[in-house]
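Here is a quick tour of one model, with an eye on its strands and its aromatic rings. Have a look at the coordinates first, then read on.

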Amino acid sequence: MQKFYPVFALFFFCLPSLCMTGCSQSESAATSVPQATILQVGVMSPVTRKVTDRIEFTGELRAVDTVDIQSQVSGILSKKLFVSGATVSEGDVLFEIEPEVYNAVLASKKAELGILEARLPRLQTDWNRAQELYPTGALSEVEYEQSLADFKECLASIEQAKAEIQKAEIDVKYTKIIAPINGAVSRELVTVGNLVTANDTLLARMVSLDPIHLYFSIDESTLLKLLQQNLSSTNEIPIQFRLSDGETEFTAKLDYSSPYMDSSSGTLQLRAICENPANSYGQTSLLPGMMAHVQLPVSEEYSALLIPEACIGTDQNLKYVYVVDKENKVQIRQIVLGALQKDNMRVVQEGIRADDSIVIDNLLRVRPGLTVKIIDN
């Protein structure tokens with residue numbers, strides 16, 4: 001049994017040193033853990049700048065002029081003289097309807113006029129002779145009245161023939177269907193060879209492109225805000241809008257306001273007009289039927305504090321942000337928001353100061369009272 005004593009002695013000799021080593025490592029780990037778990041956050045101070053409150057509405061672009069192309073004469077459609085979907089100018093010929101038929105009718109009417117004009121001198125002579133003979137008794141009253149009637153009837157027939165010629169000339173003119181406006185023309189809705197009925201068959205549609213109208217409706221509260229600005233004319237209100245891509249901004253000028261509120265929706269319809277020039281390829285940036293996001297100014301320009309929309313939290317109907325104080329501890333601040341600006345910055349009306357440090361990242365991990373480390377962004 002004595003041969004085991006050295007082993008036990010060695011164990012009891014080493015045990016204190018092992019305990020001291022373990023304690024030392026535990027203390028070192030305990031002191032290093034808090035340093036490693038301090039949350040790092042980025043902060044920013046509110047931005048101060050001049051802003052104008054704007055409210056966004058959804059609008060629709062519409063053509064200033066929209067025309068249904070129809071024929072005013074009946075006949076077989078003989079020619080199509082435009083490229084479908086192309087931009088054409090006022091007066092360009094779009095279709096042609098068998099002009100030969102109407103030219104023949106015109107020639108016939110002119111021939112009828114020639115016959116009447118050839119007959120008129122003879123009737124004029126008969127009437128003059130009747131005026132000379134009737135007082136002498138050489139001509140009866142019946143013959144006298146017949147001569148006068150024939151002369152007047154010929155004059156009336158000549159006027160009627162001239163009117164029919166004028167109508168026939170108009171019909172010949174209508175065999176060429178021309179563009180009534182400057183704009184884009186749709187595809188043909190009737191192909192060549194089909195019978196076209198006057199004032200009934202729809203051949204194509206045209207829309208003007210430059211300028212273009214923007215229609216949108218505003219609610220009553222927005223209307224009252226606009227009226228409070230005491231503008232001398234509604235035309236002084238600039239209308240800014242973007243398309244669905246949200247990239248390019250366009251400016252329009254208000255040119256119409258409905259004289260009454262729509263009682264069913266509680267809104268007022270407004271209309272603005274926007275320049276829409278074509279590029280070198282003949283294409284315009286705006287097309288009828290496009291949806292637009294309208295930014296309507298409802299206040300005068302004023303100085304405000306702004307913060308990124310992304311750093312604002314929501315608790316039911318309350319809005320808040322996290323602020324880092326001078327001791328690097330997180331505080332929660334309830335705020336009152338203003339209008340959202342086009343660069344996604346939000347006006348803050350109450351709750352923060354210009355020198356506050358607003359937390360802008362790690363928002364899911366910060367908590368009120370937590371000590372954090374501020375990092376440079």
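This is a predicted model: local features need pLDDT of at least 70, side-chain atom pairs count only at pLDDT 80 or more; totals for chains, interfaces and linings use all residues.

Rings of Phe, Tyr and Trp (its six-membered ring) pair if their centres lie within 6.5 Å; planes under 30 degrees apart count as stacked, over 60 as edge-to-face and the rest as tilted. By that rule the structure holds five aromatic pairs. Two of them are in the table.

| Pair | Type | Centre to centre | Angle between planes |
|---|---|---|---|
| Phe82 and Phe95 | edge-to-face | 5.2 Å | 80° |
| Trp127 and Tyr144 | tilted | 5.3 Å | 45° |

Residues are numbered from 1 along each chain as its sequence is written, and side-chain values use heavy atoms, with hydrogens and water left out.

Helices (H or I, at least four residues) and strands (E, at least two) are DSSP runs, numbered from the N terminus. Phe82 sits in the loop between strand S5 (75-80) and strand S6 (87-88), and Phe95 in strand S7 (residues 93-97), so their pair ties together parts that are 13 residues apart in sequence. Buried here means under 20% relative accessible area, exposed over 50%, and partly exposed in between (1.4 Å probe, protein chains only). Phe82 counts as buried at 9%, and Phe95 does too, at 0%.

Trp127 is buried at 12%, whereas Tyr144 is partly exposed at 21%. Together with Tyr134, Trp127 and Tyr144 form one aromatic cluster.

Now the strands. Six of them make a closed barrel, S3-S12-S15-S14-S13-S16, with antiparallel pairing (two strands pair if DSSP finds at least two bridges between them). Neighbouring strands of this sheet are turned by 40° against each other on average, direction ignored. Strand S13 (residues 238-242) runs antiparallel to strand S16 (residues 291-297), joined by three bridges; Phe241 has Val294 in S16 as its bridge partner.

Key. Axes are lines fitted to C-alpha atoms, for helices over the stretch in contact, and angles run from 0 to 180 degrees between N-to-C directions.
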